[in-house]
Amino acid sequence: MAIPILDDLERLIVEHGSATVRGDHIALLREQREGLEKKVADLQSENGSLKEEIRDLREKLKTAAPPNEFIKYRGVLFRRLPTGVIEDAVYCWKCRGPMVSMKRHMPYQCTACNITADFTVSWLPEIMKEAAMLAPK
Ligand SMILES: [Zn+2]
C-alpha cells in the first residue's frame, strides 16, 4: 500500500530531477546552437570575402597580359611552346615575325624590318639551348 505523501515526494523528486536534467540539456543545446550560429555567420562572411576575391581575380585575369612566351636572346626572339620546349624558329624582336636564313648559311633576317641576327642555321641548336637556360620554364 502506497503512502500518499511518499508518492507525492517521489513524483516531486522525479519531476524536479527531470526538470533540472532537462534544463541542463536545454542550456547545452542552446550553447551549441549559439556556437553553430556564430560559425555559420563566420563562414558566410568568409564565403562573401572569397566570392569578392574570386570576382576581383577574374577581372584581373581578363585584363592581364598573356604570359610572355618569347625569350629575347642574341638580338632575336625565341618562342617557348606551351609544352615548355623552345620552338625551332627565330623571331624578329621588333615585329615578332619569323626570321629566315637565306640558303641556310646567311644570318637570320627579318625581311619586313631588315633586322639581321649574328648567327646562321648551323648555330641555331646551340643558341636555342642557351636561350632555354636563360629563361627556364
Ligand atoms: Zn621584324
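**Exercise 1.** Which accessibility class does Arg 33 count as, and at what relative accessibility?

*Solution.* The model is a predicted one.
Step 1. The relative accessibility of Arg 33 is 45%.
Step 2. Buried means under 20% relative accessible area and exposed means over 50%, with partly exposed in between.
Step 3. Arg 33 therefore counts as partly exposed.

**Exercise 2.** Which parts of the chain does the pair Asp 118 and Arg 74 tie together?

*Solution.* 
Step 1. Asp 118 and Arg 74 form a salt bridge, with their closest N and O atoms 3.4 Å apart.
Step 2. Asp 118 is in the loop between β5 (115-116) and α2 (124-134), while Arg 74 is in the loop between β1 (70-73) and β2, so the pair ties together parts 44 residues apart in sequence.
Step 3. Asp 118 is exposed, with a relative accessible area of 53%, whereas Arg 74 counts as partly exposed at 33%.

**Exercise 3.** Which residues are linked with Arg 79 in a network of salt bridges?

*Solution.* 
Step 1. The side chains of Arg 79 and Glu 87 meet in a salt bridge, at 2.9 Å from N to O.
Step 2. The network links Glu 69, Arg 79 and Glu 87.
Step 3. Arg 79 counts as partly exposed, at 22% relative accessibility.
Step 4. The count of salt bridges in the model comes to 5.

**Exercise 4.** Describe the site of the zinc ion.

*Solution.* 
Step 1. The SG atoms of Cys 92, Cys 95, Cys 110 and Cys 113 coordinate the zinc ion at 2.3 Å.
Step 2. Along the chain, these donors follow the spacing C-x2-C-x14-C-x2-C.
Step 3. Cys 92, in the loop between β2 (76-79) and β3 (100-101), and Cys 110, in strand β4 (residues 108-110), are 18 residues apart, and the pair links distant parts of the chain.
Step 4. Four donors count as tetrahedral if all angles lie between 85 and 135 degrees. The angles among the 4 donor atoms are 103 to 115 degrees, and the site is tetrahedral.
Step 5. Cys 92 is buried, with a relative accessible area of 0%; Cys 110 is buried too, at 2%.

Technical notes. Residues are numbered from 1 along each chain as its sequence is written. This is a predicted model: local features need pLDDT of at least 70, side-chain atom pairs count only at pLDDT 80 or more; totals for chains, interfaces and linings use all residues. Side-chain values use heavy atoms; hydrogens and water are left out. Donors are N, O and S atoms within 2.8 Å of the metal (3.2 Å for Na, K and Ca); water is not among the atoms, so sites may look incomplete. Four donors count as tetrahedral if all angles lie between 85 and 135 degrees; four count as square planar and six as octahedral if opposite donors are over 155 degrees apart and all others between 65 and 115; anything else is irregular. Helices (H or I, at least four residues) and strands (E, at least two) are DSSP runs, numbered from the N terminus. Buried means under 20% relative accessible area, exposed over 50%, partly exposed in between (1.4 Å probe, protein chains only). A salt bridge is a side-chain nitrogen of Lys or Arg within 4 Å of a carboxyl oxygen of Asp or Glu.
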